[in-house]
Amino acid sequence: MFNIFSLIFKYIFIIIIYMFIFSIIRLIYLDIKGINLTPTGDFAYLKLLNRKDTLPFKIDEYYSIKNVLSLGRSGGNDIIIKDPYISKKHFKIVEDEKEFFIEDLGSANGTFINDERIEDVVKLNNGDRIKISNIEFIFVNR
Amino acid sequence: MFSNKISSKTPRRFLFLFEILALLLLFIHQKDNFDKQTFINGFALIVIIYASNYILLKVSRGDNYIFLIATMLVSIGAIMIYRMDAKTGTRQLMWLFLSILIFYATYFMLKYIKIWDKLLYVYIGGAYLLFGLTFALGERKFGAINWINIKGVSLQPAEITKLLVIFIMAAYYSNYNKYKKTKYSSYLILGIMYSFIALLFLQRDLGMAVLMYGIYIGLQFIYEEDRKLIAYNIGLFIISGIIGYFAFNHVRVRVETWLNPWIYINDKGYQITQSLFAIAEGGFFGKGIGLGFPHFIPLAYNDFIFSAICEEMGIFTGMGIIMLFMILVYRGFKIGMSQWNMFFRILAIGISILFAIQSIIIIGGVIKLIPLTGITLPFVSYGGSSIVTSFMALGILQAASEDMDWQVNDDE
Amino acid sequence: MMNKNNNRVKENKRIIVVLACLCTMLVVLIGYLSYFQVFKAQEVKNNAYNKRTWINEENVLRGSILDRNGNVLVYNKKTEDSNKRYYKYGRLYSHVIGYSYREYGKTGLELKYNNALLDISDSTALNDLKSLILPTSIGNDLKLTIDHNLQEKSRSLLEGKKGAIVAMNPKTGEVYSMVSMPDFDTSNLNDHWKGITESEDSPLLNRATQGLYAPGSVFKVITTVAALDTPALDNEYKCSGTAKIDGYTFKDYSSRGHGNITLEDALRLSCNTYYVDRVQYIGKDRLGSTADKFMINSKIDFDLPMKSSSFPYKKSLSKTELSASAIGQGEVLVTPLNMAMVASAIANDGQMVKPILVKEIVSKNNRILESYSTEVISDVTSSIKANQIKDMMLKVVESGTGTNAKIKNVKVAGKTGTAENPSGKSHSWFIGFAPYDDPKIAIAVILEEEGVTGGTGAAPIARDIFIHGLNNIDF
């Protein structure tokens with residue numbers, strides 16, 4: 001009895017192991033396809049901290065900042081995210097003399113820097129976490 | 001779209017299914033004399049693996065594949081070990097539990113303590129200390145003096161040393177500009193590495209010697225600016241290999257039994273030929289779990305676990321294991337390349353090289369592609385210090401998969 | 001800042017190099033593993049030290065081996081605590097059937113047909129399942145093409161000598177007897193093993209399939225076929241007893257010379273000078289490709305391990321070397337079975353058939369599981385030319401060097417050979433077939449280092465086998 005089961009199971013085990021391998025390769029492949037822009041130069045960028053596949057809308061892993069970067073739900077923005085908790089014009093980041101400043105554009109649910117809601121223009125430091133809705137970015141500037 | 005069909009949970013489900021089926025098979029096997037303890041153990045394994053994969057997703061923002069791959073490898077290994085000997089299998093589960101704790105401990109320590117790249121001298125000192133300890137307390141086991149026995153638990157200090165080698169390399173090259181000011185500093189590192197290899201030769205732990213050399217040459221190739229040093233290193237290795245061949249009988253034996261084990265089938269070629277019998281008998285699909293004779297292979301839990309798996313689960317499973325290592329190594333390199341912090345970058349690449357070379361050495365050895373040198377197969381083999389250090393290395397890799405660049409400043 | 005970027009690019013390149021190396025090595029592992037499984041595993045599994053096969057074998061009554069008339073040659077007997085194999089005719093089949101011992105492994109047909117004898121099917125899902133549900137306990141029997149009486153006769157004729165005999169049916173390829181001497185007793189290996197392995201006469205070697213000998217004049221049959229294929233080859237030749245080729249003098253067996261002779265006389269009288277002279281016109285490529293058709297230089301598919309005969313004509317041969325080859329000296333080396341096949345091909349109108357040892361595999365309930373039939377493996381020459389050679393070989397026995405093979409009432413055709421052996425006394429050869437009109441038995445006999453001519457040494461042995469075989473075998 002056991003022998004027969006064992007005989008059948010050996011095929012099943014092999015199939016499962018290969019399905020496992022395949023599914024991982026597939027996921028890695030999708031991942032790589034998603035990251036078409038990995039920043040390599042010397043500029044400032046935002047990096048998404050959430051796992052991409054947990055968010056139900058289109059979003060990139062990296063956004064580089066050149067002069068100005070605006071984020072919101074409507075067209076016209078540099079980063080458009082179709083999340084209902086994000087306002088049409090949510091925030092923008094401005095570069096000034098190699099310093100970067102973030103400004104909330106009167107959003108309904110607010111912009112948080114390192115878990116603190118900002119009211120005014122705030123200077124960004126390397127490693128600051130920017131949170132809107134449940135999306136979190138990290139600001140990197142070298 | 002395809003991406004909707006394969007969610008991030010899919011591989012975890014396959015892993016889960018694999019383990020449940022293995023438990024079911026065990027259940028069928030024991031239907032006459034049902035042992036409750038076995039089931040508690042098996043169930044505990046599944047819960048632990050599933051839970052720790054789940055927790056990791058919540059805790060770490062980094063890579064979420066490497067831990068999955070490692071747990072798949074552990075599951076295959078544990079099933080095989082359990083099938084050969086239930087008591088050893090249970091012990092393996094205990095080790096696994098401990099290893100996962102250590103994985104998390106390592107992960108958090110790496111993440112939140114920020115002085116790791118400044119401890120070069122500590123690592124070097126530690127490595128020598130471990131060697132000293134082995135020679136002072138060591139006992140000979142399977143022809144090599146590389147085990148120390150503490151209260152009934154056998155430990156292999158070189159398992160830690162191999163991680164220290166990676167840390168030494170990472171600490172050195174991430175502060176290369178600083179150390180470079182001292183003349184011949186890279187030659188000094190070369191001297192230290194060769195002293196490790198020589199000590200391992202004396203302990204007759206050839207597998208570990210080759211492994212450390214592999215890590216060293218790999219990292220040196222990537223980071224050393226003095227390119228002719230790499231040529232010296234390769235030349236030196238060949239020369240010491242030749243000297244080793246003529247000076248040490250135990251090296252000669254390995255080569256002889258590799259070239260033709262069949263004429264030494266009763267003595268020194270016994271292990272490798274038994275391993276080949278097992279693999280040949282298994283065929284592509286294996287004999288089925290419980291239907292082969294893996295006990296015939298000496299050291300079937302440790303070094304020869306790959307042959308035992310091939311016999312009962314088939315060459316296809318064997319190839320699957322190799323592919324799992326390949327993905328793991330690929331992921332490790334990917335982690336390294338997208339890490340901005342140099343110290344962690346080197347750590348990630350060093351650990352990936354470690355996994356790659358260690359699996360190549362032992363799998364290549366048991367299938368007689370290269371001379372056999374005893375070493376464990378990471379994650380799959382039984383052995384306390386082996387599985388613990390494998391998970392420790394994985395913890396380091398997990399930490400390195402997260403962005404560290406805003407935490408530590410490069411001094412470049 | 002730029003510098004840092006460049007460094008990063010360089011570093012990434014090197015990282016990818018290392019990754020590529022490691023992945024290549026892992027892929028090589030996968031590749032080797034499949035190679036091992038496909039090409040090596042069977043041989044490894046059959047190794048005598050593989051304990052797994054013993055476990056299977058202990059429970060199975062290994063099949064018997066019978067001759068063509070159903071005489072049992074080897075059988076197993078199972079008692080409560082033992083499962084022993086009995087070799088009824090210890091020495092007689094030491095090279096054909098071989099042995100199956102736990103300690104010393106398996107050889108011969110015992111090895112080749114191990115799975116059939118144990119009723120093990122190839123491992124497929126269905127067969128695995130079948131063998132678990134209905135475990136086999138009795139293996140299949142092998143029915144050989146060997147005629148036990150002729151085998152005994154052949155061995156008695158070689159008793160006390162070194163050498164080999166192969167007798168086969170030229171039309172079907174069935175081997176009637178195959179003997180190699182010295183032999184060893186398979187019924188009791190345990191007591192004699194040390195002596196067998198240490199003996200200088202290498203009794204374990206099957207000389208019929210693995211002994212490589214200079215063929216001497218029997219090779220002239222092949223050279224003659226090549227000569228018939230050579231257009232405008234002047235048939236007349238004046239033999240003076242010696243011939244000088246490129247400064248080296250070849251001598252005839254009789255130094256007086258044969259006078260004016262034709263190709264037919266040359267074969268009948270085994271005239272060396274004719275062949276060493278004429279082969280220069282035939283050329284090495286024609287001789288070589290003729291030899292190739294006779295399966296010299298190629299692997300012959302047979303149930304027992306074969307060595308390949310060789311005539312290395314593709315490398316550069318000097319004129320002297322070519323002349324030496326034409327008379328079966330120099331670098332030409334052949335196996336006795338191959339030479340029996342040469343005689344068969346001539347007897348069978350130029351068609352060479354595959355030699356077979358096993359007629360049928362029979363299951364325990366007398367069902368024929370597999371039967372082996374005749375298969376032409378090489379088209380050696382046209383039937384017209386084959387018949388020309390047949391006539392010449394008939395003359396060899398009637399009035400040439402092979403008169404010792406002559407039988408009353410039956411026409412025998414053949415060719416003798418006396419092969420010079422640089423390391424000892426010369427070998428004595430005879431190849432041939434009988435009856436001339438309707439060949440039923442083709443033969444090759446070699447007496448190793450016997451020191452006599454083929455006509456005196458090997459030909460009478462062939463005659464005795466023809467007489468015994470033609471009278472007793474149920475064709």
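**Reading the model**

Modeller: Ser202(C) counts as partly exposed because 13 C-beta neighbours lie inside 10 Å. A residue is buried if 20 or more other C-beta atoms lie within 10 Å of its own, exposed if 12 or fewer, and partly exposed in between, with C-beta atoms placed from the backbone. Please note that this is a predicted model, in which local features need pLDDT of at least 70 and side-chain atom pairs count only at pLDDT 80 or more, while totals for chains, interfaces and linings use all residues. Residues are numbered from 1 along each chain as its sequence is written, and chains are lettered from A and ligands numbered from 1 in the order in which they are written.

Biologist: Which value does phi take at Met295(C), and is Met295(C) buried or exposed?

Modeller: Phi of Met295(C) is near 70°, again a positive value in a residue other than glycine. Met295(C) is buried, because it has 25 C-beta neighbours inside 10 Å. The loop that holds Met295(C) runs between helix H12 (284-293) and helix H13 (319-326) of chain C.

Biologist: Where in chain C are cis peptide bonds found?

Modeller: One cis bond leads from Met181(C) to Pro182(C), with omega near 0°. Pro182(C) sits in the loop between strand S8 (175-181) and helix H7 (189-198) of chain C. Another joins Ala434(C) and Pro435(C), where omega is about -10°. Pro435(C) is in the loop between strand S18 (427-434) and strand S19 (441-447) of chain C.

Biologist: How many helices and strands do chain C and chain B have?

Modeller: Chain C has 16 helices and 19 strands, and chain B has 16 helices and three strands. In chain C, 49% of the 475 residues are buried; in chain B, 54% of the 412 residues are buried.

Biologist: In what order do the strands of the open sheet in chain A stand?

Modeller: Strands of a sheet pair through backbone hydrogen bonds, either parallel or antiparallel. Two strands pair if DSSP finds at least two bridges between them. In chain A, six strands form an open sheet in the order S2-S1-S11-S10-S7-S8, with antiparallel pairing. Strand S2 (62-64) and strand S8 (116-117) of chain A are at the edges with a single partner strand each, so one side of each has no neighbour in the sheet. Within the sheet, four bridges join strand S1 (residues 45-48) of chain A to strand S11 (residues 135-140) of chain A. Leu48(A) has Phe137(A) as its bridge partner in S11(A).

Biologist: How many residues of chain B are in contact with chain A?

Modeller: Two residues are in contact if their C-beta atoms, placed from the backbone, lie within 7 Å. By this rule, 38 residues of chain B are in contact with 33 residues of chain A. On the side of chain B that touches chain A, H2(B) gives the most, with 10 residues.

Note on methods: Helix = DSSP H or I, 4+ residues; strand = E, 2+ residues; numbered from the N terminus.
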